[in-house]
Amino acid sequence: MKLAITMATEAPAQAPVVLRGGFADQIRLAAQIGYDAVELHLPDPDEVDLRDVREACAANKVSVSSIGTGPAYGRDRLALTSCDPDVRARALARLQAFIRFGGELNSLVIIGLIKGQVRDSESRDAYDGALTDALTACMPLARQCGVTLVMEAINRYESDVLNTIAECTRFIEQLGAEQLKLHIDTFHMNIEEDQICANIVAAGRHIGHVHVADSNRGYPGRGHYDFAETIAALRTVGYRGVLSVECLALPTPDEAARGAYKFLRQATT
Ligand code: LER
Ligand code: MN
């Protein structure tokens, strides 16, 4: 199984993103540690030098597995389901920019916190309608760019909606677009799922991306999450994507990146 590591040019100290600093330097470090791929977290693709990223990836023989779009919500408060039509329109335009950027890098685009929250919407119905409309509107561009969007199930303390595998799978099946898949995260599953392996197996073919952190959101190996079981379930369903390390940068970004790599390489071989 291929391993990826999250990175951002800047992120709050408590954010679950491992490497921080210029992408070119962090891509080189990720490759030196042994990672196959990187996951870039950013608020706005227009602020990133695409050529720099491409050159760093080519020089270091790593790919960009995925683009994390959460900072568009965290920094710029953009939500696809906001009750403010202007915010919704700007969120949609931003997501379309992410899709074009993902197309250039052959990466997945994550639909995590950019979905927004029911509490920022008028009602659950309005939320579902706005999210369906926004994602449906993106599908022709996603197809044209060859990009898959992955909807992340996020725990209840960070999101008031779409917390579980079953809830996200229902939404994905209702939308019925080839280009929308499920994104699971071990930290969120550890909080929300009644049974992790059976639910992974039930979601099966829908799974398009996997974040890994331990039970305490430290790097894998620092808590009590059962990674062997999850990896076995992913093998059962024929998952072919990466395991992307999205954990706290503790005790230091470098130690988290190296510790996660060592643990996961062993757990996956
Ligand atoms: C994003 O991938 C995620 O898992 C959220 O918890 C954002 O912090
Ligand atoms: Mn995640």
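Tyr73, Gly112, Leu113, Lys115, Gly116, Gln117 and Ser159 line the largest cavity of this predicted model. A cavity is a set of points, on a 1 Å grid over the protein atoms alone, where a 1.4 Å probe fits but cannot get out; lining residues have an atom within 4 Å of a point. The volume of the largest cavity is about 30 Å³. Grid points are joined across faces, edges and corners, and the volume is the space filled by probe spheres set on the points. The count is one cavity of 30 Å³ or more. Its lining splits into two nonpolar residues, four polar and one charged. Here Ala, Val, Leu, Ile, Met, Phe, Trp, Tyr, Cys and Pro count as nonpolar, Asp, Glu, Lys and Arg as charged, and the others, Gly among them, as polar.

This is a predicted model, in which local features need pLDDT of at least 70 and side-chain atom pairs count only at pLDDT 80 or more, while totals for chains, interfaces and linings use all residues. Residues are numbered from 1 along each chain as its sequence is written, chains are lettered from A and ligands numbered from 1 in the order in which they are written, and side-chain values use heavy atoms, with hydrogens and water left out.

Turn now to the pockets. A pocket is an open set of grid points with protein on both sides within 12 Å along at least five of seven lines. The largest pocket holds about 850 Å³ of space. It has 40 lining residues, and Pro12, Ala15, His41, Gly70 and Pro71 are the closest to its centre. By class, the lining has 17 nonpolar, 11 polar and 12 charged residues. α1 (23–33), β3 (37–41), α2 (50–60) and α3 (70–74) each give at least two residues to this lining. α3 gives the most, with three. Helices (H or I, at least four residues) and strands (E, at least two) are DSSP runs, numbered from the N terminus.

Ligand 1 sits in this largest pocket; that is, more than half of its atoms lie within 2 Å of the pocket's grid points. Around the ligand are Pro16, Leu113, Glu152, Glu158, Asp185, His188, His211, Arg217 and Glu246, each with a heavy atom within 4 Å of it. Two of these residues are nonpolar, two polar and five charged. Leu113 belongs to this shell and also to the lining of the largest cavity.

An N or O atom of the Glu246 side chain lies 2.5 Å from a ligand oxygen. For Glu158 the distance is 2.6 Å. For His188 it is 2.7 Å. Taken alone, ligand 1 exposes 260 Å², and the protein buries 86% of that. These areas come from the Shrake-Rupley method with a 1.4 Å probe.

The second largest pocket holds about 280 Å³ of space. Val64, Ser65, Asn106, Ser107 and Leu108 are the closest to its centre, out of 15 lining residues. Strand β4 (residues 63–68) gives the most to that lining, with three residues. The classes are five nonpolar, eight polar and two charged.

Asn106 also stands out in its backbone. Its phi is positive, about 60°, although Asn106 is not a glycine. Asn106 lies in the loop between α4 (85–105) and β5 (108–111). Another loop joins β9 (242–245) and α10 (253–268), and it contains Pro251. Leu250 and Pro251 are joined by a cis peptide bond, with omega about 0°.

Methods. Polar contact = N/O pair within 3.5 Å; in protein donor to acceptor, adjacent residues only side chain to side chain.
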